[in-house]
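Keep the picture open beside you as you read.

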Amino acid sequence: MGFCLVHNVAVAARHMQAEHGIARIAIVDFDVHHGNGTQDAFTGDDSVLYASLHQAGIYPGTGARGEGDETTVNVPLRPGCGDGEWVHALERYVEPAVSRFAPELVLVSAGFDAHEDEDIYLVDMHVTDTGFLELARRCAGLGPRVAAVLEGGYNLETLPRLVDAALDGFTR
């Protein structure tokens, strides 16, 4: 629907299943927009858990709590949320779901458009560099193997710094 022409994490998940025999994959998506295409790709497929943290009420208008099936965890966050709310949501909803699912591989859709200095239409989130480091650190502990793909983030001044912070989090 405009943001993702190729759903890189979905392609990676199918590749890992088909070519490397990975049976159970969890996808954790922390991008300000809901990953409706990734969710749709795995609805009805109990071999992939999809968990999304995103801002409620913005494009594409999907990702309500309870939307999807038993392997979908949508956590829409109200506008104005910062580090504490994002990390708490990951801790309260995503971590337990991924733990119960027991994936062999965790793929992270790492979006940085929830940063406090993003200036995209209708986005109102206030995650800091430290918040992204902590989200990445927590994602790194969700499975025996973890890989991440760069997703959103449109402020070219902050994006390199945010990616560095997340890389630091993934390696802690």
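A disulfide is a pair of cysteine sulfur atoms within 2.5 Å. By this rule, the count here comes to zero disulfides. Take Cys81: the nearest cysteine sulfur belongs to Cys139 and is 17 Å away, so Cys81 is in no disulfide, the cut-off being 2.5 Å. Cys81 is buried, at 2% relative accessibility, and Cys139 is buried too, at 0%. Please remember throughout that this is a predicted model.

**Charged partners**

What about salt bridges? The count for these comes to eight. Here are three of them, with the distance given from N to O.

| Pair | N to O distance |
|---|---|
| Asp45 and Arg14 | 2.7 Å |
| Arg161 and Asp129 | 2.3 Å |
| Asp168 and Arg172 | 3.1 Å |

Which parts of the chain does the bridge between Asp45 and Arg14 tie together? Asp45 sits in the loop between helix 2 (36–42) and strand 2 (48–55), while Arg14 belongs to helix 1 (residues 8–20), so this bridge ties together parts that are 31 residues apart in sequence. Asp45 counts as buried, at 15% relative accessibility, whereas Arg14 is partly exposed at 36%.

Arg161 is partly exposed, with a relative accessible area of 39%.

Elsewhere, salt bridges that share partners join Glu91, Glu95, Glu134, Arg137 and Arg138 into one network.

**A look at helix 3**

Now follow helix 3 (residues 83–101) from end to end. With 19 residues at 1.5 Å a residue, helix 3 should span 27 Å, and its end C-alpha atoms are 25 Å apart, which agrees. Along the way there is a kink of about 35° at Val94, shortly before the proline Pro96. After helix 3 comes Ala102, whose phi is positive, near 55°.

Which residues of helix 3 are buried? They are Trp86, Val87, Ala89, Leu90, Val94, Glu95, Ala97, Val98 and Phe101.

A search of the whole structure finds three aromatic pairs. One of them is tilted: Phe30 and Phe132 are 6.2 Å apart centre to centre, with 35° between the planes. This pair links distant parts of the chain, since Phe30 is in strand 1 and Phe132 is in helix 4, 102 residues apart.

Phe132 also pairs with Phe112, this time edge-to-face, at 4.9 Å centre to centre and 65° between the planes. Phe112 lies in the loop between strand 4 and helix 4, and Phe132 in helix 4, 20 residues apart. Together, ring pairs link Phe30, Phe112 and Phe132 into a cluster.

Conventions. Residues numbered from 1 in each chain as written. Predicted model: local features only at pLDDT ≥ 70, side-chain atom pairs only at ≥ 80, totals over all residues. Heavy atoms only, no water. Buried < 20%, exposed > 50% of the residue type's maximum accessible area, 1.4 Å probe, protein only. Salt bridge = Lys/Arg side-chain N within 4 Å of Asp/Glu carboxyl O. Helix = DSSP H or I, 4+ residues; strand = E, 2+ residues; numbered from the N terminus. Expected span 1.5 Å × (residues − 1). Bend = angle between axes of the 7 residues up to and from the residue. Phe/Tyr/Trp six-rings, centres within 6.5 Å; stacked < 30°, edge-to-face > 60°.
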